[in-house]
Amino acid sequence: MTQEWRGHLAMLAFSGLVAGSFALGSIAAGEIAPTALNAVRFAIAAIVVGIAASLTGGIPRKALAAPWRYLAMGAMMGLYFVLMFEGLKTAPPVSAAAVFTLTPVMSGVFGYFLMRQITTPRMALALAVGAVGALWVIFKADWSAFQAFEIGRGELIYLAGCMAHAFYTPLVRKLNRGERPVVFSFGTTVAVVVLLVIAGWGDIRATDWASLPPIVWITILYTAIAATAMTFVLLQFASLRLPSAKVMAYTYLTPSWVICWQVALGHEVPQGLILIGVALTVVALLILLKNEEVASN
């Protein structure tokens, strides 16, 4: 298996794990301040990633060079997750996933300015097909629902967070100096914790941790381990092997994954026409995979 294919598989797993944070986050968002929730989840994630780094080769001294790199990346990811949970207070999870699908285009723009990465015609076609498929899923194959689309306050807040996420992707490749993904992720995660504790100390102190409902702790643990520790490593692994726009193209699968999560949590099963949108997102990914296959031959 080529490095490019490994990057694609990493992002496939990434999209499924991220979708869980939308479904669970929408339930827990109103129970705790976003800065407090994310400070704890990143602290747990830092411990998990730190142990993983130690058990798989350790953390070399050279990885500590230029710590400002981790602060820069940590600021982007911290901002993204705080604004995500703030937005989920009012934005439905599937609607938020719709906003998330804008990140590939933004990531492509940032990738050009930071790394001079060019979006090829084939890549542009894949992004367009994926966007159509995602919108089809998001609006449940209802054209009238699409025509009546209005961006609410929660969606706008989350859009700002998605800009930070899109900037983070090419920033990984720009700032990485040969560190392994798990080591680089550890430095970034620790930086997020430091920044969130400083920014959200008041919320952290004001939170009655003993009285939080179980769904909050479930969300914290899931987002810490699955949607932070694991996805950080997966994203950095893929970002070192794929152009930014291709990495973020996998966000087009997120709405479909969110629907799966919603069904698993007891919500109604979407109508059959929505499968057309799911198929279009798969087609977009196949276009990207075909591009890699041709390039490697």
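Ala, Val, Leu, Ile, Met, Phe, Trp, Tyr, Cys and Pro count here as nonpolar, Asp, Glu, Lys and Arg as charged, and the others, Gly among them, as polar. This is a predicted model, in which local features need pLDDT of at least 70, side-chain atom pairs count only at pLDDT 80 or more, and totals for chains, interfaces and linings use all residues. Residues are numbered from 1 along each chain as its sequence is written, and side-chain values use heavy atoms, with hydrogens and water left out.

**Confidence**
- The chain averages a pLDDT (the predictor's confidence in each residue, from 0 to 100) of 83, and 91% of the residues score at least 70.

**Largest cavity**
- On a 1 Å grid over the protein atoms alone, a cavity is a set of points where a 1.4 Å probe fits but cannot get out, and lining residues have an atom within 4 Å of a point.
- Grid points are joined across faces, edges and corners, and a volume is the space filled by probe spheres set on the points.
- There are 2 cavities of 30 Å³ or more, and the largest has a volume of about 70 Å³.
- Its lining includes Phe14, Tyr80, His165 and Phe232.
- By class, this lining has 9 nonpolar, 3 polar and no charged residues.
- Helices are DSSP runs (H or I, at least four residues), numbered from the N terminus.
- H10 supplies the largest share of the lining, 4 residues.

Methods
On a 1 Å grid over the protein atoms alone, a cavity is a set of points where a 1.4 Å probe fits but cannot get out, and a pocket is an open set with protein on both sides within 12 Å along at least five of seven lines; lining residues have an atom within 4 Å of a point. Helices (H or I, at least four residues) and strands (E, at least two) are DSSP runs, numbered from the N terminus.
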